[in-house]
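Thanks for coming, everyone. Let me put the structure on the screen, and then we will walk through it.

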Amino acid sequence: MTSNGKQLHYVSDRLRKMSRWLAEARHGGVVLTGDQLEGVIEEVDTLLQHSLDLEGALSVDEWNHRAAEDRSKLMTPGSVVVLEAFRANSNVVTFPGRPSPFDGSAA
């Protein structure tokens, strides 16, 4: 699955990699140099961004699903025929509206 060209499955792969790395250091304690700590922070930031991308993609999917449901409820066959009739290049001619006493067109 991708969102805007990003690989969303990388979140689990990166978490697995981080888990293995931490598991290897669990018995001897964790001692990190500044560079190693920067690598961990960078990896966590990357995971955060991937998770936000995933949340965004799921949110878009949910909204699209809801919109499709709403459209299917609102667009009955009769309303589709009426809307189609009023499209450009249709042979349906609308009647002029009644004059309004407020726009100066009334006698």
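A definition to start with: a salt bridge here is a side-chain nitrogen of Lys or Arg within 4 Å of a carboxyl oxygen of Asp or Glu. Keep in mind that this is a predicted model.

Now the layout. The protein chain has three helices and two strands. Reading from the N terminus, the order is β-β-α-α-α. Of the 107 residues, 9% are buried. Now take contacts with a separation of 6 or more: 58% of them join residues 24 or more positions apart.

On to the charges. Side chains of opposite charge can pair when their charged atoms come close. How many salt bridges does the structure hold? Three. Let's take them in turn.

Start with Asp13, in helix α1, which covers residues 10-24. Its side chain meets that of Arg16 in a salt bridge, at 3.5 Å from N to O. That falls within the 4 Å cut-off. Both residues lie in helix α1, three residues apart, about one turn of the helix. Asp13 counts as partly exposed because its relative accessibility is 37%. Arg16, with 42%, is partly exposed too.

Next, Arg14 and Glu43. Their side chains form a salt bridge at 2.8 Å, N to O. Arg14 lies in helix α1 and Glu43 in helix α2, so this pair ties together parts 29 residues apart in sequence. Are these two buried or exposed? Arg14 is partly exposed, at 25%. Glu43 is buried, at 15%.

The remaining bridge joins Glu62 and Arg66, with the closest N and O atoms 2.9 Å apart. They sit four residues apart in helix α2, about one helical turn. Glu62 is partly exposed at 36%, and Arg66 is partly exposed at 40%. Arg66 has another partner. Its charged end sits over the ring of Trp63, 5.2 Å from the ring centre. As for aromatic pairs, the count is zero.

Last stop, the surface. Leu74, Met75, Val80 and Leu83 make a nonpolar patch of about 370 Å². Where is Met75? In the loop between α2 (34-74) and α3 (77-85). Met75 is partly exposed, at 36% relative accessibility.

Methods
Residues are numbered from 1 along each chain as its sequence is written. This is a predicted model: local features need pLDDT of at least 70, side-chain atom pairs count only at pLDDT 80 or more; totals for chains, interfaces and linings use all residues. Side-chain values use heavy atoms; hydrogens and water are left out. Patches are made of residues with over 30% relative accessible area and no salt bridge: like charges are joined within 9 Å, nonpolar side chains (Val, Leu, Ile, Met, Phe, Trp, Tyr) within 5 Å. Accessible areas come from the Shrake-Rupley method with a 1.4 Å probe; for residues, only the protein chains shown count as cover. Buried means under 20% relative accessible area, exposed over 50%, partly exposed in between (1.4 Å probe, protein chains only). Rings of Phe, Tyr and Trp (its six-membered ring) pair if their centres lie within 6.5 Å; planes under 30 degrees apart count as stacked, over 60 as edge-to-face and the rest as tilted. A charge sits over a ring if NZ of Lys or CZ of Arg is within 6 Å of the ring centre and within 35 degrees of the ring normal. Contact means heavy atoms within 4.5 Å.
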